[in-house]
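I opened the model and kept notes as I went. Each entry starts from something I wanted to look up.

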Amino acid sequence: MSMIEQQPSVSLTEAELREADRRQRGRIVGLVSFTLAMAAIIYVIALIRL
């Protein structure tokens with residue numbers, strides 16, 4: 001009986017899978033953007049110091 005109650009929380013619906021995928025993609029895009037911004041800032045600082 002407890003297995004039947006746990007089943008809906010274990011299986012993700014299509015909408016939940018899409019939402020998780022969208023969140024993960026957003027997190028990756030944010031991380032890549034942050035990394036590129038840091039690289040650009042370091043590059044500009046290096047150019048100024050030369």
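**Entry 1: a first pair**

Which residue forms a salt bridge with Arg22? I found that Glu19 is the partner, with the closest N and O atoms 3.0 Å apart. I noted the term: a salt bridge is a side-chain nitrogen of Lys or Arg within 4 Å of a carboxyl oxygen of Asp or Glu.

This is a predicted model, in which local features need pLDDT of at least 70 and side-chain atom pairs count only at pLDDT 80 or more, while totals for chains, interfaces and linings use all residues. Residues are numbered from 1 along each chain as its sequence is written, and side-chain values use heavy atoms, with hydrogens and water left out.

**Entry 2: the chain as a whole**

The chain has two helices and zero strands. Both kinds of element are DSSP runs numbered from the N terminus, a helix being H or I with at least four residues and a strand being E with at least two.

I then looked up burial. Of the 50 residues in the chain, 0% are buried. Buried means under 20% relative accessible area, exposed means over 50%, and partly exposed lies in between (1.4 Å probe, protein chains only).

The chain exposes about 5000 Å², and carbon and sulfur atoms supply 68% of that area. Accessible areas come from the Shrake-Rupley method with a 1.4 Å probe; for residues, only the protein chains shown count as cover.

**Entry 3: salt bridges**

How many salt bridges does the structure hold? I noted three.

I went back to Glu19. Glu19 also forms a salt bridge with Arg23, where the closest N and O atoms are 3.1 Å apart.

I checked the spacing along the sequence. Arg22 and Glu19 both lie in helix H2, three residues apart, about one turn of the helix. Glu19 and Arg23 are both in helix H2 as well, four residues apart, again about one turn.

Arg22 counts as exposed because its relative accessibility is 52%. Arg23 is exposed at 54%, whereas Glu19 is partly exposed at 30%.

**Entry 4: Asp21**

I looked up Asp21, which is found in helix H2. Asp21 forms a salt bridge with Arg25, with the closest N and O atoms 2.6 Å apart. Both residues lie in helix H2, four residues apart, about one turn of the helix.

Is Asp21 exposed or partly exposed? Asp21 is partly exposed, because its relative accessible area is 38%.

**Entry 5: a nonpolar patch**

Last, I looked for nonpolar surface. Phe34, Met38, Ile41, Ile42 and Ile45 make a nonpolar surface patch of about 480 Å². Patches are made of residues with over 30% relative accessible area and no salt bridge; like charges are joined within 9 Å, and nonpolar side chains (Val, Leu, Ile, Met, Phe, Trp, Tyr) within 5 Å.

I placed Met38 in helix H2, residues 14-49. Met38 is partly exposed, with a relative accessible area of 36%.
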